[in-house]
Amino acid sequence: RRSSDLFPSHDKRSTGYVTKSQSVSYKTLRLEKSFTLNNMTLIDENGYPTKYSNTNEVMEVYAQRMISLYQIVKDNRLTCIEAEILDLSERIRFITAVLEGRIVIFKRSKKDILEDMMKQSPPISEKYLSSVKLHECTAEGVKQAHDEILKLRKEHEETLRLKPEDIWLSRLTAWGIVTGK
């Protein structure tokens, strides 16, 4: 091999310098670069390279993936609402048992109170003894919990009616990416 092969000569085309005979432009200063979409190979959700023929195909795959993710978001939200409703229902059962005298709290040991809670049908969880505050053990506390359950049931019904596409569109709108125009 010759040294000229390893170290090419620096002529005016390879240096990036403009000579007096050339006009100054983006092209002569090499500030212009063309991009093509001939080779669109992207990594898929499984970590494998996938070749796409055009941008519409990429967007279609992206949209399907987002819709499936928003279905998961919807399902998780429904599960959370159902758990909140169940928790509030159990809270109401505990408060009602205290109000009716089936569970006596004052001037008793924690062990005795827990025994009363286990005698209920079905047994009331121990967590309600520490999570329900004394001022909540009233008829107003029961009403407030009932009102919260009604709100949650309404939210549950609304969430059931939503499609994943609607959730995605509402998030894009909230972020200002999509406008109502």
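Buried here means under 20% relative accessible area, exposed means over 50%, and partly exposed is anything in between (1.4 Å probe, protein chains only). Helices are DSSP runs of H or I with at least four residues, strands are runs of E with at least two, and both are numbered from the N terminus. The model is a predicted one: local features need pLDDT of at least 70, side-chain atom pairs count only at pLDDT 80 or more, and totals for chains, interfaces and linings use all residues. Residue numbers start from 1 along each chain as its sequence is written, and side-chain values use heavy atoms, with hydrogens and water left out.

**View 1. The buried face of helix α7.** Helix α7 covers residues 164-174, and its buried residues are Pro164, Ile167, Trp168 and Leu172. Looking down the axis of α7, these residues fall within an arc of 135° (taken from the directions from the helix axis to the C-beta atoms), so they line one face of the helix. Part of what covers them is α3 (55-100). After α7 comes glycine 176, with a positive phi near 80°.

**View 2. Where α3 crosses α7.** The two axes come within 8 Å and cross at roughly 100°; each axis is a line fitted to C-alpha atoms, for helices over the stretch in contact, and angles run from 0 to 180 degrees between N-to-C directions. That makes α3 roughly perpendicular to α7, a label for angles of 65 to 115 degrees. Contact means heavy atoms within 4.5 Å, and the residues making it include Tyr62, Met66 and Tyr70 of α3 and Pro164, Trp168 and Arg171 of α7.

**View 3. One aromatic pair.** The structure holds one such pair, counted when ring centres of Phe, Tyr or Trp (its six-membered ring) lie within 6.5 Å. Tyrosine 62 and tryptophan 168 sit edge-to-face, 6.0 Å centre to centre with 65° between the planes; edge-to-face means over 60 degrees. The partners are 106 residues apart, tyrosine 62 in α3 and tryptophan 168 in α7. Tyrosine 62 is partly exposed at 41% relative accessibility, while tryptophan 168 is buried at 15%.

**View 4. The largest nonpolar core.** A nonpolar core is a set of buried Ala, Val, Leu, Ile, Met, Phe, Trp, Tyr and Cys residues joined through side-chain atoms within 4.5 Å. This one has 21 residues, and Phe94, Ile103 and Met117 are among those touching the most other members. Its largest share, eight residues, comes from α3. A second, separate core of seven residues includes Ile67, Tyr70, Ile167 and Leu172.

Notes:
Phe/Tyr/Trp six-rings, centres within 6.5 Å; stacked < 30°, edge-to-face > 60°. Parallel < 35°, antiparallel > 145°, perpendicular 65-115°, else oblique.
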